[in-house]
Protein chains: 2
Amino acid sequence: MSNTTINFQDRTIEYQQLLEDFKTLLKKSNLKFTIQREIILETLYNSNEHLTPEALHQLIQKQHPNLKIGIATVYRTLALLEESNVVTSLSFGAQGKKYELGAKEHHDHLICLECGQITEFVDEAIEKRQHAITHELGFKMLDHSMQIYGICKKCQEKKLTTEKEN
Amino acid sequence: MSNTTINFQDRTIEYQQLLEDFKTLLKKSNLKFTIQREIILETLYNSNEHLTPEALHQLIQKQHPNLKIGIATVYRTLALLEESNVVTSLSFGAQGKKYELGAKEHHDHLICLECGQITEFVDEAIEKRQHAITHELGFKMLDHSMQIYGICKKCQEKKLTTEKEN
DNA sequence: GTCGCTGCAAAGTCTTTGCAGAGAG
DNA sequence: CTCTCTGCAAAGACTTTGCAGCGAC
């Protein structure tokens, strides 16, 4: 089995394209393109992270101190973006949802329980098996999500160092 | 690729065993074995479903109308059981967590977005790929979860019928 | 101008916590 | 007996909603 089927961190679309698509989408539903919606999308795009609504709101406040964007607007916009499949939400063990742009190539998540870092990957063999399984059951697959939880390399090394110190 | 590697609904342990393990676990941490904890575990075992704390609480009230078990106790016990890896929680798109006994063989989930039904499955090929991926990154896998969302066979058929009627 | 959008604050959910009495060991 | 658990109600966290004024088109 070759490793070439695994791709990490594959970003495939450009912001301008995303923005245009978003505008088209809004127009189609008779919705308005507001500065708040633009900033939320842009911030989500620039932050290559998985953000909670709260974190996204704080980030926006930091980057645009003169603008006042309410947390309610963040929630409303994220709901809109999720409905439109522009972003995807990821639910975690503890509490809260995290959002990420969903327009990139579909991918799964490796989550470090120590430092919270999330690594994305795509694996063809897994995707194929998913299709095989759903096909066998006559199940129509619309989406899927996979998370692997554990300890990343860095944190393992950090632990070793700490143990030696003691 | 053979289909024999897929196993659906594999239940592997008995309640008596589970109960003994739970008692041992409690003793080890100087915790007490109470009727509430027993009923919560038992109800979770007998219900072969994925339950929210709320649903579990209601089910207990229905099955044991003379007992008064507070919702707070359900939350506290589920947290305890999750910490001890007796149950696993599953987070959903919308809101809330669902719990299931985690002592069965590890499995993934097929979730119907139409009727909410959850089917469990295990696929060796996917498990192998997961190991391969984490190994390549030096990531220590502790757990993983996979959900496939879509429309189950029954609901697809139901939809077709409804469309014909109109 | 119209009608959707926003910020604010208030209202909902869902979950956790403090406390005094009950009960397991 | 001791010390943890429990139920209750109150507090908290997170999210949604109502509303009046604002702003995109």
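Among contacts in chain A between residues at least 6 apart in sequence, 52% join residues at least 24 apart; contact here means heavy atoms within 4.5 Å. The model is predicted, so local features need pLDDT of at least 70 and side-chain atom pairs count only at pLDDT 80 or more, while totals for chains, interfaces and linings use all residues. Residues are numbered from 1 along each chain as its sequence is written, chains are lettered from A and ligands numbered from 1 in the order in which they are written, and side-chain values use heavy atoms, with hydrogens and water left out.

Chain A has 6 helices and 6 strands. Helices (H or I, at least four residues) and strands (E, at least two) are DSSP runs, numbered from the N terminus. The order of elements in chain A, from the N terminus on, is β-α-α-α-α-β-β-β-β-α-β-α. Of its 166 residues, 40% count as buried. Buried means under 20% relative accessible area, exposed over 50%, and partly exposed in between (1.4 Å probe, protein chains only).

DNA strand C is surrounded by 17 residues. A residue is near a strand if one of its heavy atoms lies within 4 Å of it. The closest are A:Arg37, A:Lys68, A:Ile69, A:Thr73 and B:Tyr75. Both chains contribute: H2 (35-46) and H4 (71-83) of chain A and H4 (71-83) of chain B each supply at least two residues of this surface. The surface near DNA strand C divides into 6 nonpolar, 5 polar and 6 charged residues. Ala, Val, Leu, Ile, Met, Phe, Trp, Tyr, Cys and Pro count as nonpolar, Asp, Glu, Lys and Arg as charged, and the others, Gly among them, as polar. Of the atoms of DNA strand C within 4 Å of the protein, 72% belong to sugar or phosphate, and the rest to bases.

Polar contacts to DNA strand C involve base, sugar and backbone-phosphate sites in turn. A polar contact is a pair of N or O atoms within 3.5 Å; within protein, one must be able to donate a hydrogen and the other to accept it, and residues adjacent in sequence count only if both atoms are side-chain atoms. An N or O atom in the side chain of A:Lys32 is 3.0 Å from a base oxygen. The side chain of A:Gln36 places an N or O atom 3.0 Å from a sugar or linking oxygen. A polar backbone atom of A:Ile69 is 3.4 Å from a phosphate oxygen.

DNA strand D is surrounded by 16 residues, the closest being A:Tyr75, B:Leu31, B:Thr34, B:Lys68 and B:Thr73. H4 of chain A and both H2 and H4 of chain B each supply at least two residues of the surface. Its residues divide into 6 nonpolar, 4 polar and 6 charged. A phosphate oxygen of DNA strand D lies 3.3 Å from a backbone N or O atom of A:Phe33. Another backbone contact pairs a phosphate oxygen with an N or O atom of B:Gly70 at 3.0 Å. A base nitrogen of DNA strand D lies 2.9 Å from a polar side-chain atom of B:Arg76.

Helix packing was examined next. Two packed helices are described by the angle between their axes and the distance between the axes. Axes are lines fitted to C-alpha atoms, for helices over the stretch in contact, and angles run from 0 to 180 degrees between N-to-C directions. H2(A) and H3(A) (residues 53-63) pack at about 100 degrees, with axes 10 Å apart. H2(A) is therefore roughly perpendicular to H3(A); angles under 35 degrees count as roughly parallel, over 145 as roughly antiparallel, 65 to 115 as roughly perpendicular and the rest as oblique. A:Ile39, A:Ile40, A:Thr43 and A:Leu44 of H2(A) meet A:Leu56, A:Leu59, A:Ile60 and A:Gln63 of H3(A). This contact has 6 nonpolar, 2 polar and no charged residues.

In chain B, the axes of H2(B) (residues 35-46) and H4(B) come within 10 Å and cross at roughly 70 degrees. These helices are therefore roughly perpendicular to each other. The residues of their contact divide into 7 nonpolar, 3 polar and 1 charged.

B:Asp123 is in strand E5 (residues 118-123) of chain B. B:Asp123 is buried, at 0% relative accessible area. Its side chain reaches the backbone nitrogen of B:Ala125 at 3.3 Å. A polar atom of the B:Asp123 side chain also lies 3.0 Å from the backbone nitrogen of B:Ile126.
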